[in-house]
Amino acid sequence: MILTVNRDRIVSEIEALASISEAEPPVVTRIVFSPSDLKARAWMKARCAEAGLTVREDAVGNTFARWTGSDPSAPVVGTGSHIDAIPNAGKFDGVVGVLGGLEAIRALRQSGFRPRYSIELLIFTSEEPTRFGIGCLGSRLLSGTLPPDAARKLKDNDGATLDDVRRAAGFKGELEEVSLPAGYYHAFAELHIEQGPLLEQQQIPLGIVTRIAAPASLRILVEGSGGHAGAVLMPDRRDALCAAAEMILAIENAAHSSGAIDTVATVGICDVFPGAVNSIPSRVRLSVDVRDTDLQRRDLVMRTIETTCRSIANQRHITINLELLNADAPADCAPAVIEALSQSCRKHELKFLPMVSRAYHDSLFMARIAPVAMLFIPCRNGYSHRPDEYASPEDVVRGTLVLAETLAALSE
Ligand SMILES: [Zn+2]
């Protein structure tokens, strides 16, 4: 089997998909179920059909493009990623795994290879949390991690429910039908840019993910008492922002004190009310993101954050309300898929680095229903989620080649 990845085709397809955006180039913004997302989906489906694949979509818009194997009733070998993009994003996050997956399948077809297991490209709906506040919507539903009832209640910033928005976008059927039956997958491999600097720094062309870190997020509503910035004297104040400031530092400290480099905590949003220069802040909303590769350690940090914030609130005579938005478990990648990826790297004499994925991906949820692993390619300076995100054509081609080789090995 001689595998040839068509470099010009995949490079021009990455450019073409990037041009379907709500923002001016080079910025890519493609929010789930927006006109540009729907246009990008139509464009992708046309490419899949052109490649001879059979396309189907589920009720939440997850899109499957299948190359039927010689044993059509056998479990499936899957690959794929997402094409939605946060505001002000770049061209490669998710897209490399979708177009790389498609190119890998085309390379295999062209080589004369015939799979025993069907090979299926999967384009996940809403990996990014932009619209509905929760990431990996499609894979959570596919894996049964998110109950359909809870999904139906999700609302976007305009108050529209997921159910209304997806139906308006043309995705009918019931959310109950989205979850995949047990044993659907023989294996699943996701190609993705690293979104960190390690591969580039160590000049290693490929990373094989052995573990995916577990994200948890909290919203903390801090309520004090407002008033005139001149008239209310310091002893009488219950300033919500001063309390929130102490909490933010306590959250940072909670991550430091875990003793592990893999523990990270971030306060990414601090909304201050009323937000006037001469008014004491009466209310603050913090959004907290905590991640770790170890569930117990992460949950210990979460508990520390909660008790510390409550004691700060007590000392300052302020009330807080903590709302746990999600607390997902980390995932171990499957030894068989890791081995298939490693063998493919060795076959092509490519060095690889076993690594942890600190960002989470749809594979985190797919790992609950399928043997999963991920393949990373370097991205310049580790930049991602910004317009200057960049992966070189050589790296994209290398990742695609190893993915193709891996899909072949897993589907024999
Ligand atoms: Zn991504």
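Visitor: What spacing do the donors of the zinc ion follow along the chain?

Guide: The donors follow the spacing H-x10-D-x98-H, and they are His82 through NE2, Asp93 through OD and His192 through NE2. This is a predicted model, in which local features need pLDDT of at least 70 and side-chain atom pairs count only at pLDDT 80 or more, while totals for chains, interfaces and linings use all residues. Residues are numbered from 1 along each chain as its sequence is written, and side-chain values use heavy atoms, with hydrogens and water left out.

Visitor: What makes these atoms count as donors of the zinc ion?

Guide: A donor is an N, O or S atom within 2.8 Å of the metal (3.2 Å for Na, K and Ca); the coordinating atoms lie at 2.0 to 2.3 Å from the zinc ion, so they count as donors. Water is not among the atoms, so the site may look incomplete.

Visitor: Why can Asp93 and His192 be said to tie parts of the chain together?

Guide: Asp93 lies in the loop between strand E5 (85-89) and helix H3 (95-111), whereas His192 lies in strand E7 (residues 185-193), so the pair ties together parts that are 99 residues apart in sequence. Helices (H or I, at least four residues) and strands (E, at least two) are DSSP runs, numbered from the N terminus.

Visitor: Why are Asp93 and His192 called buried?

Guide: Buried means under 20% relative accessible area, exposed means over 50%, and partly exposed is in between (1.4 Å probe, protein chains only). Asp93 has a relative accessible area of 10% and His192 has 1%, so both count as buried.

Visitor: What is the radius of gyration of the protein chain, and what is it set against?

Guide: The radius of gyration, taken over C-alpha atoms, is set against a globule rule of 2.2 Å times the number of residues to the power 0.38. For 412 residues a compact globule would have a value near 22 Å, and the protein chain has 23 Å, which agrees.

Visitor: What share of the contacts with a separation of 6 or more joins residues 24 or more positions apart?

Guide: Such residues account for 78% of those contacts in the protein chain, where contact means heavy atoms within 4.5 Å.

Visitor: What classes of residue make up the lining of the largest pocket?

Guide: The lining has 20 nonpolar, 16 polar and 14 charged residues. Ala, Val, Leu, Ile, Met, Phe, Trp, Tyr, Cys and Pro count as nonpolar, Asp, Glu, Lys and Arg as charged, and the others, Gly among them, as polar.
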